[in-house]
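Student: I have a structure open and some questions about how it is put together. Can we go through it piece by piece?
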Amino acid sequence: MGSSRSKPMAVAIMGPTASGKTAAALAIARTRPVEIISVDSALVYREMDIGTAKPSAEELASVPHHLIDIIDPLESYSVMQFRTDTLRLVAEISARGALPLLVGGTMMYFKGLTDSLDDLPTADAAVRAAIELEASRIGWPGMHAKLRALDPITADRLAPNDAQRINRALEIIELTGKPMSELLGKREKPELPFELVSFALEPSSRAVLHQRIALRFDQMLGKRDDEGLVAEVARLRARGDLTPTLPSMRCVGYRQAWDYLDGTIDRAGLRELGIIATRQLAKRQLTWLRAMPDRIVLDCLGSDPTQAMLEQLESLEK
């Protein structure tokens, strides 16, 4: 790194699903000492490899990775846990003389890292229980619609079945009388102990990204139920302690495969609903990205976005 820097540098590689973030990170890793910090709320789970598009064993062995396979699917991992872990990891990686690469598509994690969430109200068990009771009557899509009426900005960034985050957003409104988007927008951003350079891999064509998403989902499914995503979810179900309401099992692809194994949809329905859910995820990720003004945008469908990223990095490091 340039000797004139007062703070160490870290690099974020953000983007929607299927935009090539992992490939870009591994390409950078071939040019300099780096360690990768995963910014992905699904990769934290052990035993969930296929549906999360987890890096292969060879890829994981080729460069140090962090925040992958750190919790059981029964457990949950919060934005604040991510922020605490990442601040520690960036300091440790920088001290080892390597470049921290923050790679992933969980935009709420990036937002929590740069903006912090410390001054939001702490959880209130009674309020959460009341929200869950209402959700049991009208469903989480109904609660999402309620949130949209109260805080459309936050609702746009959440999936209609994202119970954990919908509950939190409604809880904040109940406790403060204000939408979470307003509270986040009014705060001064905390100063990070490192300089974060953020690259965003964004598609010049939504249709081409959708083709990539469909191809990747088909690869996850495989040709038979005993070899791909369905087999992975069947193994998880066989544990006997997981339910479809857990955050892990609500991940895109997993909840559709669970429904398929329940017999409520057929394989064609699994494929169609899985691809639709992944497209919706990509749309929400792009909504988050457009609200991040300091990012360096690169076309993930361009001829060589990784080379463009490397050239930008080299100029920043001088």
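Tutor: Start with a definition: two strands pair if DSSP finds at least two bridges between them. Keep in mind that this is a predicted model.

Student: OK, how many bridges join β5 and β6, and in which sense do they pair?
Tutor: β5 and β6 pair over four bridges, in the parallel sense. Ala200 has Val297 in β6 as its bridge partner.

Student: What's the strand order in the sheet?
Tutor: The order is β3-β2-β4-β1-β5-β6. These six strands make an open sheet with parallel pairing.

Student: Which strands are at the edges?
Tutor: β3 (65-66) and β6 (296-299) are the edge strands, and each of them pairs on one side only.

Student: Which strands does helix α1 lie across?
Tutor: Helix α1, residues 21-29, lies across β1, β2, β3, β4 and β5. Relative to β4 (99-104), α1 runs at about 165 degrees.

Student: Switching to helix pairs. At what angle do α4 and α12 pack?
Tutor: Helix α4 (residues 107-115) packs on helix α12 (residues 267-290) at about 25 degrees, and their axes are 9 Å apart. Angles under 35 degrees count as roughly parallel, so α4 and α12 are roughly parallel to each other.

Student: Which residues meet there?
Tutor: From α4, Met107, Met108 and Lys111; from α12, Gln285, Trp288 and Leu289. By class, the contact of α4 with α12 has four nonpolar residues, one polar and one charged.

Student: And α11, which residues are buried in that one?
Tutor: Tyr254, Gln256, Ala257, Trp258 and Tyr260 are buried in helix α11, which covers residues 254-262.

Student: What do they pack against?
Tutor: The buried residues of α11 pack against α10 (229-238) and α12. After α11 comes Gly263, with a positive phi near 85 degrees.

Student: Now charges. How many salt bridges does the structure hold?
Tutor: The structure holds 21 salt bridges. One of them is between the side chains of Lys7 and Glu191, at 3.3 Å from N to O. That pair links distant parts of the chain, 184 residues apart. Lys7 is in the segment before β1 (9-14), and Glu191 is in the loop between α8 (180-186) and β5 (195-202).

Student: Are those two buried or exposed?
Tutor: Lys7 is partly exposed, with a relative accessible area of 25%, whereas Glu191 is exposed at 67%. The cut-off for exposed is over 50%.

Student: Which salt bridge partner does Arg88 have?
Tutor: Arg88 forms a salt bridge with Glu92, with 3.5 Å between the closest N and O atoms. Both residues lie in helix α3 (residues 79-95), four residues apart.

Student: What about Arg168 and Glu171, how far apart are they along helix α7?
Tutor: Arg168 and Glu171 are three residues apart in helix α7 (residues 163-176), about one turn of the helix. Their side chains meet in a salt bridge at 2.9 Å, N to O. Glu171 is buried, with a relative accessible area of 0%.

Student: Last one: which residues are linked in a network of salt bridges?
Tutor: Glu47, Asp72, Arg239 and Asp241 are linked in such a network.

Definitions and conventions: Residues are numbered from 1 along each chain as its sequence is written. This is a predicted model: local features need pLDDT of at least 70, side-chain atom pairs count only at pLDDT 80 or more; totals for chains, interfaces and linings use all residues. Side-chain values use heavy atoms; hydrogens and water are left out. A salt bridge is a side-chain nitrogen of Lys or Arg within 4 Å of a carboxyl oxygen of Asp or Glu. Helices (H or I, at least four residues) and strands (E, at least two) are DSSP runs, numbered from the N terminus. Buried means under 20% relative accessible area, exposed over 50%, partly exposed in between (1.4 Å probe, protein chains only). Contact means heavy atoms within 4.5 Å. Axes are lines fitted to C-alpha atoms, for helices over the stretch in contact, and angles run from 0 to 180 degrees between N-to-C directions. Angles under 35 degrees count as roughly parallel, over 145 as roughly antiparallel, 65 to 115 as roughly perpendicular and the rest as oblique. Ala, Val, Leu, Ile, Met, Phe, Trp, Tyr, Cys and Pro count as nonpolar, Asp, Glu, Lys and Arg as charged, and the others, Gly among them, as polar.
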